[in-house]
Amino acid sequence: MLETTLSELESRAVSLIDGADNAEALENARVEFLGRKGSLANIGKEMGKLAPAERAQIGKLLNAVKQNLESRYEVRKSGFERAELDARLAAEWVDLTLPAPGTRPGSLHPLTQIQRELEELFTSLGFAVVDGPEVETEWHNFDALNIPPTHPARDAQDTFWLTDGHLLRTHTSPVQVRAMEKFGAPLRIIAPGRVFRNEEVDASHEHTFYQLEGMMIDRDVSVAHMLYFMKSLLTAIFKKDVTVRLRPGFFPFVEPGFELDIQCLICGGSGCPVCKQSGWVELLPCGLVHPNVLRSGGIDPEEWNGFAFGLGLTRLVMMRYAIDDIRHLAAGDLRFLQQF
Ligand code: FA5
């Protein structure tokens, strides 16, 4: 009787243990048959009731069944453990022979690259690179440049005023005055730098952008000299012929004044948001220095004259690399910056 129960139990246990398709099912089978309160343990408890001869025989049988199930259980269990380990190793596998990812070398911002190229060009032409403060006095930013308080030109450059009468410089032209004060005449300087205007931001206008001021003061400086330097500048940057136009421009600090525009290189002149559909981009206002400005800098206009220009450096970068929105330049997006 017990013999039959035992053999049925064995074949059920074998099929559950051998057929378990995961570690949890196997463990359930172990608890059911081999556990402390499992089927085999229960049969063991029954054996006390048997006659001694039968007890010995069933005892032997019980041991054989137990050993058979235990060894099957062990085989299956180590199979699952190996599979689990293999899966973990496959997931955590690292190829130690691969080169380490390392850090990508940094690169200079396109603005810095072009600024440095222009600094190199102008220093080779005998110009000094000078600097001026971003927080300026009203006098250097406006009055000394022949822009009195009531002059409408002040409205053309929307100003960030500071509480103590200072302002964030709206252009690099105040550096002209500082350079004249410091070095006198003759003078050849360029002054690249950051300027600020309280304006609406769009594809071609930022509130914070870069200009590069240039000034040359000597005896008998003419518009022809000025055009020579403008042309050298554009050839150095674009390394190809670009279409430009010169038109009269009004700035109180130059007389005569000009606007040098470049045909838009984003759309080729057919019109786009950068050139406001006009086909032209204002790039290089310039002119001969107004006598009042020379006087502000302590230079005698009877003896000296000169030219000055205020290159829109940020716009120049846009034209050189055909960048269709000025906002890319200060957005700090590495995907954009890594292209330069
Ligand atoms: C001036 O700032 C004058 N100081 C330039 C000058 C210097 C004229 C010396 C004569 C002699 P303007 O406001 O036009 O001029 O600005 C000069 C250039 O800066 C523009 O041609 C344009 O290229 C660029 N610019 C002006 N506003 C912005 C802006 N919001 N965002 C980006 N670039 C601008």
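Modeller: Start with proline 186, which sits in the loop between α8 and β4. (Helices are DSSP runs of H or I with at least four residues, strands are runs of E with at least two, and both are numbered from the N terminus.) This is a predicted model, where local features need pLDDT of at least 70, side-chain atom pairs count only at pLDDT 80 or more, and totals for chains, interfaces and linings use all residues. Numbering starts from 1 along each chain as its sequence is written, and side-chain values use heavy atoms, without hydrogens or water.

Biologist: What makes the bond between alanine 185 and proline 186 cis?

Modeller: Its omega is about -5°. Another cis peptide bond links glutamate 255 to proline 256, with omega about 0°; proline 256 is in strand β7.

Biologist: Why does lysine 276 get a mention?

Modeller: Its phi is positive, about 55°, and it isn't a glycine. Lysine 276 belongs to the loop between β7 and β8. These cases get flagged because most residues other than glycine have a negative phi and most peptide bonds are trans.

Biologist: How do you know which strands are at the edges of the sheet?

Modeller: Strands pair if DSSP finds at least two bridges between them. Seven strands form an open sheet of mixed pairing, in the order β1-β4-β5-β9-β8-β7-β6. β1 (128–129) and β6 (244–248) each pair on one side only, so they are the edge strands.

Biologist: What makes β5 and β9 a pair?

Modeller: They share eight bridges, in the antiparallel sense, and at least two are required, so they qualify. For instance, methionine 215 has alanine 308 in β9 as its bridge partner.

Biologist: How does helix α5 run relative to β4?

Modeller: At about 165°, with α5 (110–124) lying across β1, β4 (187–196), β5 and β9. Helix α8 (174–183) lies across β4, β5 and β9, at about 140° to β4. Contact means heavy atoms within 4.5 Å; axes are lines fitted to C-alpha atoms, for helices over the stretch in contact, and angles run from 0 to 180 degrees between N-to-C directions.

Biologist: Which residues count as nonpolar, and how many residues of each kind line the largest pocket?

Modeller: The lining has 20 nonpolar residues, eleven polar and eight charged. Ala, Val, Leu, Ile, Met, Phe, Trp, Tyr, Cys and Pro count as nonpolar, Asp, Glu, Lys and Arg as charged, and the others, Gly among them, as polar.
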